[in-house]
Amino acid sequence: MTVINGEVAAGFEPVREAFAANFARREDIGAAVCVYQDGCPVVDLWAGVADPDTGRPWERDTLQLVYSATKGATATAAHLLAQRGALDLDAPVAEYWPEFAANGKAEIPVRRLLSHQAGLVALDRPVPMAEALAWHPMTVALAAQRPQWAPGTAHGYHGRTWGWLVGEVIRRVSGRTPGRFFAEEIAAPLGLDFFIGLPANERDRVSRMVYRKPDIDLTTVPEESITEDLRDLVAAWRDPNSLSNRAFAVTEPANIDFDSPEVQAAELPSSNGIGTAHALARMCAALIGEVDGVRLLTPETLASAIEEQAGGQDQVMVVPSRFSSGFMLPTEDIPLTGPAAFGHTGRGGSLGFADPEHGITFGYVMNHITGGSDDSRATTLAEAVRRSLA
């Protein structure tokens, strides 16, 4: 039986039970979960193994790469700049990044980048990996790229490109790389253990990820076995030229080794944030209220940040999705703790979100990257938070 470390406030015992069940029944290897209520931690748990090869245990300060949960941190940086009057989300991107105007993009507002409506999910020519990690070659390629649809007429998850697009706007406006801006303006005031661009001296604290192959490979399932509701999704994943595949093939090679020192040290503001569950929950708490004297966004800025901008069928994921200006909003598949919640998931199950209606924020990170519709670890923990509130 896995030993569960940490503390749970009275009333939140269901979260501890669900966390233990994730190890006993849902294949967690190493993980942590944290919940804040009204600016104070009420759940802070960790357990398991950070590196199965060496047996290194998961500690309170173990760092975990959280994939697209990074987008919530990057979106926060953009909204902080907007709050300060340095960035107008409804102004054209080209006002801050003149080269972006090429190929019919002169009128695209910043908000459409944030809400996955710009149509820049893929590149005609993928960028070599080393150049993509160096930043500028990728932003040059995106500035020159023609959108895949008329911006604003549809939305589709910009899984990889979102980070370079929004990150370059942050860089142009602030004069700092997005990782440096986050470190100085968000992480430092709150004491967050979270990095976009990992310092070399922090690498020993990072967990080692374990990947499980999907139980069902949709690309090889016999046609007669595919249910009607999955036909469009399966067709998209089987087509190498679909946006579903091209959106995650903007580098050459397409697969990024997120365990490598080079990738972890680079700044990929869409997908290589590395931190703790506590840092995710604490950052989210400072979005909706004050945490130890620090509040990141005013109520007015927050209201603008979480207002729905896009919803319905996603052109890339081929399922319904909802986005505000940078944050995911609750759906039937990802209900979070209620309709007022907002945040972001990451590949494999990482999740950070806030629910201002209940004064609750949440962070969950893990090193077993399972994926698939059968992965209920994060949603089970969120459901336990809902039960605790009830």
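The model is predicted: local features need pLDDT of at least 70, side-chain atom pairs count only at pLDDT 80 or more, and totals for chains, interfaces and linings use all residues. Residues are numbered from 1 along each chain as its sequence is written, and side-chain values use heavy atoms, with hydrogens and water left out.

**Stop 1: strand β2**

Select residues 30–37, which form strand β2. Strands here are DSSP runs of E with at least two residues, and helices are runs of H or I with at least four, both numbered from the N terminus. Seven of the eight residues of β2 are buried, so the strand is largely enclosed by the rest of the structure. Buried means under 20% relative accessible area, exposed means over 50%, and partly exposed lies in between (1.4 Å probe, protein chains only).

β2 and β3 run antiparallel and are joined by eight bridges; two strands count as paired if DSSP finds at least two bridges between them. Gly30 has Gly48 of β3 as its bridge partner. Two residues lie between the strands of this hairpin, where Asp38 has a positive phi near 50°.

Look at Val33, which stands opposite Tyr364 in β15.

**Stop 2: a three-stranded sheet**

Select β5, β10 and β7, which form an open antiparallel sheet in that order. β5 (64–65) and β7 (194–195) are at the edges with a single partner strand each, so one side of each has no neighbour in the sheet. Two bridges pair β7 with β10 in the antiparallel sense. Phe194 is the residue opposite Gly275 in β10.

**Stop 3: Ser271**

Move to the loop between α10 (261–265) and β10 (274–275) and select Ser271. Is Ser271 buried or exposed? Its relative accessible area is 5%, so Ser271 is buried. Its side chain makes a polar contact with the side chain of Ser270 at 3.1 Å. A polar contact is a pair of N or O atoms within 3.5 Å; within protein, one must be able to donate a hydrogen and the other to accept it, and residues adjacent in sequence count only if both atoms are side-chain atoms. Leaving aside neighbours within four places in sequence, Ser271 is in contact (heavy atoms within 4.5 Å) with Leu65, Tyr67, Ser68, Thr70 and Phe258.

**Stop 4: the largest cavity**

The whole structure holds one cavity of 30 Å³ or more. On a 1 Å grid over the protein atoms alone, a cavity is a set of points where a 1.4 Å probe fits but cannot get out, and lining residues have an atom within 4 Å of a point. The largest cavity contains about 70 Å³ of space; grid points are joined across faces, edges and corners, and a volume is the space filled by probe spheres set on the points.

To find the largest cavity, select its lining residues, including Ala69, Met283, Phe327 and His344. Two or more lining residues come from each of α2 (70–83), α11 and β13 (342–345). α11 gives the most, with four residues. The lining has seven nonpolar, five polar and no charged residues. Ala, Val, Leu, Ile, Met, Phe, Trp, Tyr, Cys and Pro count as nonpolar, Asp, Glu, Lys and Arg as charged, and the others, Gly among them, as polar.

**Stop 5: Glu383**

Finish in helix α13 (residues 377–389) by selecting Glu383. Glu383 is partly exposed, at 30% relative accessibility.

Note on methods. On a 1 Å grid over the protein atoms alone, a cavity is a set of points where a 1.4 Å probe fits but cannot get out, and a pocket is an open set with protein on both sides within 12 Å along at least five of seven lines; lining residues have an atom within 4 Å of a point.
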